[in-house]
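Q: Please show me how to read the features of this model, one at a time.

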Amino acid sequence: MPPKSSRQFLDRFGAAGSLLCAVHCAVLPALLALAPSLGLSFWLSDGVEQAVVVFVTFLGLFSLLWGYRRHRALRALALLVPGLALLWAGLLHAGLHHSQVPHAVVMTVGGVLVGLAHLMNLRLNHLHVHDASCAH
């Protein structure tokens with residue numbers, strides 16, 4: 001098994017990133033009006049959003065599957081999967097992607113679920129006790 005500190009770092013990094021993504025999505029409608037005057041237009045582009053969703057997907061799956069191998073609890077994955085589904089729906093579904101408020105809501109809820117999944121995984125890894133029932 002990889003060092004405990006690596007697992008904790010991945011979950012903390014994933015949780016922080018996902019929650020920052022949720023904040024980004026929640027304030028996006030207000031920033032759209034101010035972005036050109038502040039020079040922030042690049043950070044609100046579709047390309048940045050796509051890159052973030054792809055990164056969050058890989059990080060979340062890697063980190064939570066790694067944690068699952070240790071604690072064998074599905075609770076964190078039960079938060080991650082719907083969270084990722086919402087993020088991808090907000091990115092790929094034209095009706096959601098091109099409507100400001102529904103897009104912001106879907107992406108915010110998805111980001112919060114992914115962040116909570118990382119926090120749950122961190123907690124499950126912390127509470128895991130090695131005994132005869134361990135599969136690793």
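Q: Which helix supplies the largest share of the nonpolar patch?
A: Helix α5, residues 100-127, contributes three residues, the largest share of the patch. Helices (H or I, at least four residues) and strands (E, at least two) are DSSP runs numbered from the N terminus. This is a predicted model, in which local features need pLDDT of at least 70 and side-chain atom pairs count only at pLDDT 80 or more, while totals for chains, interfaces and linings use all residues. Residues are numbered from 1 along each chain as its sequence is written, and side-chain values use heavy atoms, with hydrogens and water left out.

Q: Which residues form the nonpolar patch on the surface?
A: A patch is built from residues with over 30% relative accessible area and no salt bridge; nonpolar side chains (Val, Leu, Ile, Met, Phe, Trp, Tyr) are joined within 5 Å, and like charges within 9 Å. A salt bridge is a side-chain nitrogen of Lys or Arg within 4 Å of a carboxyl oxygen of Asp or Glu. Here the members are Leu19, Val112, Leu116 and Leu119, and together they have about 280 Å² of accessible area. Accessible areas come from the Shrake-Rupley method with a 1.4 Å probe, and for residues only the protein chains shown count as cover.

Q: Why does Val112 count as partly exposed?
A: Buried means under 20% relative accessible area, exposed over 50%, and partly exposed in between (1.4 Å probe, protein chains only). Val112 belongs to helix α5, and it is partly exposed because its relative accessible area is 32%. Ala104 is also found in helix α5, but Ala104 counts as buried because its relative accessibility is 9%. From Ala104 to Gly90 is 14 residues in sequence and 8.3 Å in space, C-alpha to C-alpha.

Q: How many residues does the largest nonpolar core have?
A: A nonpolar core is a set of buried Ala, Val, Leu, Ile, Met, Phe, Trp, Tyr and Cys residues joined through side-chain atoms within 4.5 Å. The largest one has 14 residues, and those with the most contacts inside it include Val53, Leu80 and Val114. Helices α2 (46-71), α3 (75-92) and α5 each supply at least two of its residues. The most come from α3, with six residues.

Q: What is Val56 in contact with, leaving aside neighbours within four places in sequence?
A: Contact means heavy atoms within 4.5 Å. With those neighbours set aside, Val56 is in contact with Ser18, Leu84, Leu87 and Val114. Thr57 sits in helix α2, and counts as buried because its relative accessibility is 11%.

Q: What span does α2 reach from its first C-alpha to its last?
A: The expected span of a helix is 1.5 Å times one less than its number of residues. Helix α2 has 26 residues and reaches 36 Å, close to the 38 Å expected.

Q: How many helices and strands does the protein chain have?
A: The chain has five helices and zero strands. Of its 136 residues, 39% count as buried. The chain exposes about 7600 Å², and carbon and sulfur atoms supply 73% of that area. Among contacts between residues at least 6 apart in sequence, 74% join residues at least 24 apart.
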